[in-house]
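I opened my notebook to work through one structure, entry by entry. I began with a question about the ligand and its surroundings.

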Amino acid sequence: MSGKSLLLKVILLGDGGVGKSSLMNRYVTDRFDSQSFHTIGVEFLNRDLEIDGRLVTLQIWDTAGQERFKSLRTPFYRGADCCLLTFAVDDLQSFQNLGCWKKEFMYYSDVRDPERFPFVVLGNKVDKEEREVGEDEARAWCEENGCCPYFETSAKDDTNVGAAFEAAVREVLASEDPIDHTLLSSSIDLHGNRKVTRSSCC
Ligand SMILES: Nc1nc2c(ncn2[C@@H]2O[C@H](COP(=O)(O)OP(=O)(O)OP(=O)(O)O)[C@@H](O)[C@H]2O)c(=O)[nH]1
Ligand SMILES: [Mg+2]
């Protein structure tokens, strides 16, 4: 196993209130807040993980879904390695807006290879009894939109949250030459000071 960690930037997009911040917080801090506030602008958290013997630092960017914060979130799309398109299964409108989120991301991210860019779709709040979007319907949308992986998640119950973020990492590793990603290497110097260095190639 390599001692160098790959830094991957993933970005959570979707309507206000679908649970983006809750998913990020569940994954990174293993907490859920039933009274969480709307995000203003963007926030990010890192989590280290190991996938197939690779050390990865997943940098999760959580954006504000409300329309009025559009100009605050779009500058942060550049440099993303994967986009997690999120809706809530009890909110049909949030599902119908997935296409708009994908378009907004493609417009502002300026990705090198739009055809191959990895997306993962998350249908959140599956713990809720009253659904407005069926799993088949969501899977059909994913098929029609580049066969992106689909996960039914609950930030509240911690259903599939880890699986969804790990799928995002796998999508990136499968889609691109990993040499492109920033490598964070940890090394110990002879005087005992721990150094973290960044380099753009190995
Ligand atoms: N039942 C249930 N409620 C959830 C779940 N995820 C989030 N919530 C609740 O839904 C509300 C909105 O969640 P947030 O995580 O703030 O939503 P958001 O997508 O970050 O919203 P913006 O920041 O406005 O874009 C909060 O009251 C959460 O507690 C879930 O999986 N199940
Ligand atoms: Mg939020």
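**Entry 1: the shell around the ligand**

Which helix gives the most to the shell around ligand 1? I looked it up: helix α1, residues 20-29, gives the most, with three residues. I noted at once that I am reading a predicted model.

Next I listed the neighbours. The shell around ligand 1 holds 25 residues, and K20, S22, S36, H38 and D127 come nearest. I then sorted the shell by class. It has 13 polar residues, seven charged ones and five nonpolar ones.

**Entry 2: polar atoms at the ligand**

A nitrogen atom of ligand 1 is 2.7 Å from an N or O atom in the side chain of D127. An oxygen atom of the ligand is 3.1 Å from an N or O atom in the side chain of K125. At G65 I found the backbone instead: a polar backbone atom there is 2.7 Å from an oxygen atom of ligand 1. How much of ligand 1 does the protein bury? Taken alone, the ligand exposes 650 Å², and the protein buries 90% of that.

**Entry 3: helix α1**

I went back to α1. Is α1 mostly covered or mostly uncovered? It is mostly covered, with seven of its ten residues buried. I wrote down the buried ones: K20, S21, S22, L23, M24, R26 and Y27. Two of these, K20 and S22, I had already listed among the residues that come nearest to ligand 1.

What covers them? Just after α1 I checked D30, which takes a positive phi of about 55°.

**Entry 4: the whole chain**

I stepped back and counted. The protein has six helices and eight strands. Along the sequence I read the pattern β-α-β-β-α-β-α-α-β-α-β-α-β-β. Of its 202 residues, 45% are buried. The protein exposes about 10700 Å², and carbon and sulfur atoms supply 47% of that area.

I also looked at how far apart contacting residues sit in the sequence. Among contacts with a separation of 6 or more, 70% join residues 24 or more positions apart.

**Entry 5: the nonpolar cores**

Which residues touch the most other members of the largest nonpolar core? They are L58, I60, L84 and F165, in a core of 25 residues. The elements that give two or more residues to this core are β1, α1, β2, β3, β4, β5 and α6. Helix α6 gives the most, with seven residues.

I followed L58 further. Leaving out residues up to four places away in sequence, L58 touches L8, V10, Y27, L45, N46, R47, L49, F165 and V169. Y27 in that list is one of the buried residues of α1. Apart from this core lies another, of 23 residues, including A80, V111, C142 and Y150.

**Entry 6: one loop residue**

My last stop was T74, in the loop between α2 (70-73) and β4. Why does T74 count as buried? Its relative accessibility is 8%, and buried means under 20%. Residues up to four places away in sequence aside, T74 touches E104 and Y108.

Notes: Residues numbered from 1 in each chain as written. Chains lettered and ligands numbered in written order. Predicted model: local features only at pLDDT ≥ 70, side-chain atom pairs only at ≥ 80, totals over all residues. Heavy atoms only, no water. Near = heavy atom within 4 Å. Polar contact = N/O pair within 3.5 Å; in protein donor to acceptor, adjacent residues only side chain to side chain. Areas by Shrake-Rupley, 256 points an atom, 1.4 Å probe, with all protein chains shown as cover. Helix = DSSP H or I, 4+ residues; strand = E, 2+ residues; numbered from the N terminus. Nonpolar A, V, L, I, M, F, W, Y, C, P; charged D, E, K, R; others polar. Buried < 20%, exposed > 50% of the residue type's maximum accessible area, 1.4 Å probe, protein only. Contact = heavy atoms within 4.5 Å. Core = buried A, V, L, I, M, F, W, Y, C linked by side-chain atoms within 4.5 Å.
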